[in-house]
Amino acid sequence: MLLLDIAFRFIKSRKLQSILLIVGFSIGVGTNLFIGNLISSIEDDLIDRTINAQPHITITNTNSSDYISDYSSILSEVESMNEITQTSKILEGRSFIMNYKNDTPEDIIVKGFSSFREADNIFNIFNSDFQGSRPAEANEVILGKGMAEKLGIGIGDILNVSITPAAPLGRILIVKGLYDLGSDTLNELWLFCHIVTAGMILFAMDKVTSLAFQVKNHMKADTIAAEIETKLNRDDIVVSNWKEENSALMKTLQAQSISTKVVQFFILLSVAIGIGSVLSISVIHKQKQIGILKAMGISDHESGQIFTLQGLILGTIGTFFGFLFGLLMIFLFNLFTGVDVVTITIRLGFTLISLSSSMAAAVLAAYLPSRMSQQMQVIEIIQRS
Amino acid sequence: MISQHQIKSEQIDKMIVIDHVTKVYDGVVPCRALDDISISIAPGTLNIIVGPSGSGKTTLLNLIGGLDKPTEGKIQVNGKSIDSLNSREMAKYRNQDVGFIFQSHHLLPEFTVRENILLPYRISRKETTPEFWEYYKFLITTIGIDEYQHSKIFELSGGQQQRVAIARALINRPNIVLADEPGSNLDTKLTRSIFDLLVDLNQKLGCTILLITHKDNLHIKYSKLFEIQDGVLLSEIETEVVL
């Protein structure tokens with residue numbers, strides 16, 4: 001308690017310097033907190049957008065346009081794995097929708113699912129921007145908002161969909177809902193329907209072009225995909241995962257993550273050096289007091305602890321205010337830019353690690369001043385003062 | 001044949017034993033601050049060390065107080081050699097066996113008068129008891145600083161600051177009080193009152209006092225007077241003062 005008391009008094013006796021130091025440290029800690037949470041949020045947002053538009057793991061035929069043979073056995077094998085949360089049979093194929101505005105066919109990808117719940121789990125079709133209702137009949141489908149605008153149609157309107165641009169082979173379908181996946185390309189690309197409906201359109205009843213799987217931890221999709229491949233051991237199929245298919249994105253995110261960590265490290269290093277240098281100067285300024293304390297019976301080790309405690313006190317106060325400053329920056333960012341750009345969510349784990357690293361850095365920064373204080377010879381100080 | 005009783009009584013008679021102590025300060029030209037000094041001091045006595053500036057008086061006090069170590073020779077306090085103490089033991093010795101009063105008061109400006117006085121006691125980590133507070137009250141009343149014990153150091157005069165330093169030196173009831181020209185920064189009247197106070201405390205508390213001063217301050221009653229010049233003990237005068 002005495003050492004803590006002395007440490008506090010030393011800090012208090014150099015008020016302006018201590019305040020400036022705490023302000024500088026707080027800005028560093030707050031900036032680190034803000035940058036870390038911002039980058040993590042951007043990463044998560046990008047990943048969410050990516051995996052919302054595709055399954056975590058997909059199995060297709062080696063020749064991607066062919067159907068998968070004996071898909072039931074694959075399903076039963078993969079479904080038995082603990083990491084799998086959902087499986088979907090998908091029948092997918094290129095088709096055309098007749099645009100009656102200009103009498104030309106529009107390209108579209110028909111995606112037939114065994115249930116719309118499965119389709120929603122993978123593609124998040126029924127998000128807050130969805131309009132209309134879920135299809136209940138075999139001739140009911142969901143169209144993208146972009147394509148609907150292009151065709152000049154809305155909910156309840158009729159579509160003529162065909163595997164060739166020629167209308168006579170087409171199926172007449174009713175638009176029950178309009179999806180919006182936040183991407184203009186995707187909003188014109190797909191037509192979601194039941195697998196039976198897709199079978200009728202594509203003339204491929206009871207056929208499957210791909211099997212889609214969702215896993216508990218999407219970041220482990222690559223290792224689970226490798227396990228599936230080993231388990232199935234079939235030459236006629238390909239097991240792919242979202243990470244592999246977005247390797248460029250993953251590499252960019254990885255590079256971004258590394259560069260962010262480097263920036264954070266140097267911010268932390270600079271504020272720690274700030275604490276270290278101020279405490280080192282403080283040792284020089286307080287050498288008379290150190291000499292007096294040693295003459296009164298404080299040991300060399302304890303005299304060093306006074307400066308370690310100063311580092312801890314400054315670090316704790318700086319970290320606390322840095323935390324508040326970081327929260328304020330995140331709040332202001334979300335308030336003014338978050339909705340349009342990205343909403344920063346606070347990662348508890350990262351925040352705790354960041355705050356404890358800041359405190360640890362402050363204590364470590366006090367090591368040199370602490371050693372200086374320990375090594376001061378009481379007789380030299382007393383003789384000088 | 002010397003009996004155990006004789007050894008014990010001899011040790012009691014010699015609170016501090018300086019045995020052929022030499023202190024040389026290293027430098028471009030090594031400085032021999034003390035040269036083969038041998039003296040002994042009885043417990044509870046008030047002893048004076050006189051000598052011109054640079055004669056080695058302060059060096060001797062620093063060695064006894066454990067602030068420095070001799071180049072040669074031995075220093076025994078209460079029968080124990082203090083030269084062999086490690087850093088931690090030396091800190092404990094300085095805290096519990098010795099009370100320092102420096103030329104300059106050497107108080108900590110970050111603390112109040114009361115906090116400065118209590119610092120050595122807090123360093124010792126002893127529990128404060130009602131007896132301790134009684135002693136504290138006795139000390140500040142005798143020294144005459146009870147009125148401003150909550151003041152800041154800079155609010156006090158030079159004489160008051162030196163009185164606070166005396167109270168701080170005595171708070172742990174040390175066996176030895178080492179006073180290095182405590183009146184050097186004060187006027188004659190204040191110096192006289194500080195010296196009278198030390199005599200009074202020596203009589204009331206029974207601590208051994210080593211006081212460095214100039215020859216013109218020899219109005220007080222002392223047991224032994226040591227005169228040092230150029231690091232050599234010139235004379236040792238013993239009086240028959242009953243304390």
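In chain A, strand β3 (residues 104-113) pairs with strand β8 in the parallel sense over five bridges. Two strands are taken to pair if DSSP finds at least two bridges between them, and strands (E, at least two residues) and helices (H or I, at least four residues) are DSSP runs, numbered from the N terminus. The model is predicted: local features need pLDDT of at least 70, side-chain atom pairs count only at pLDDT 80 or more, and totals for chains, interfaces and linings use all residues. Residues are numbered from 1 along each chain as its sequence is written, and chains are lettered from A and ligands numbered from 1 in the order in which they are written.

Five of the five residues of β8(A) (residues 190-194) are buried, so the strand is largely enclosed by the rest of the structure. A residue is buried if 20 or more other C-beta atoms, placed from the backbone, lie within 10 Å of its own, exposed if 12 or fewer do, and partly exposed in between.

Helix packing in chain A was examined for α2 (residues 15-51) and α13 (residues 348-365), which pack at an angle of about 155° with their axes 10 Å apart. α2(A) is therefore roughly antiparallel to α13(A), the class for angles over 145 degrees. Axes are lines fitted to C-alpha atoms, for helices over the stretch in contact, and angles run from 0 to 180 degrees between N-to-C directions. The crossing of the two helices is right-handed, meaning that the near helix is turned clockwise from the far one by less than a right angle. The contact is made by V29(A), N32(A), L33(A), G36(A), N37(A) and S40(A) of α2(A), and by F350(A), T351(A), S354(A) and S358(A) of α13(A). Two residues are in contact if their C-beta atoms, placed from the backbone, lie within 7 Å. By class, this contact has three nonpolar, seven polar and no charged residues. Ala, Val, Leu, Ile, Met, Phe, Trp, Tyr, Cys and Pro count as nonpolar, Asp, Glu, Lys and Arg as charged, and the others, Gly among them, as polar.

In chain B, six strands form an open sheet of mixed pairing in the order β6-β7-β8-β3-β9-β10. β6(B) (98-101) and β10(B) (232-238) stand at the edges with a single partner strand each, so one side of each has no neighbour in the sheet. The twist from one strand to the next averages 15°. β3(B) (residues 46-50) and β9(B) (residues 224-229) pair in the parallel sense over four bridges, and I48(B) stands opposite L225(B). Helix α2(B) (residues 57-64) packs on this sheet, touching β3, β7 (176-180), β8 (208-212) and β9 of chain B, and its direction makes about 155° with that of β8(B).

Another open sheet of chain B has four strands in the order β2-β1-β4-β5, with antiparallel pairing. Its edges are β2(B) (31-41) and β5(B) (80-81), each with a single partner strand, so one side of each is left without a neighbour in the sheet. β1(B) (residues 16-25) is joined to β2(B) by seven bridges, with I41(B) as the bridge partner of I16(B).

Between the chains, 20 residues of chain B are in contact with 16 residues of chain A. On the chain B side, α3 (87-96) and α4 (113-124) are the elements that give two or more residues. The largest share, six residues, comes from α3(B). The residues on this side divide into eight nonpolar, six polar and six charged.

Terms used. Parallel < 35°, antiparallel > 145°, perpendicular 65-115°, else oblique.
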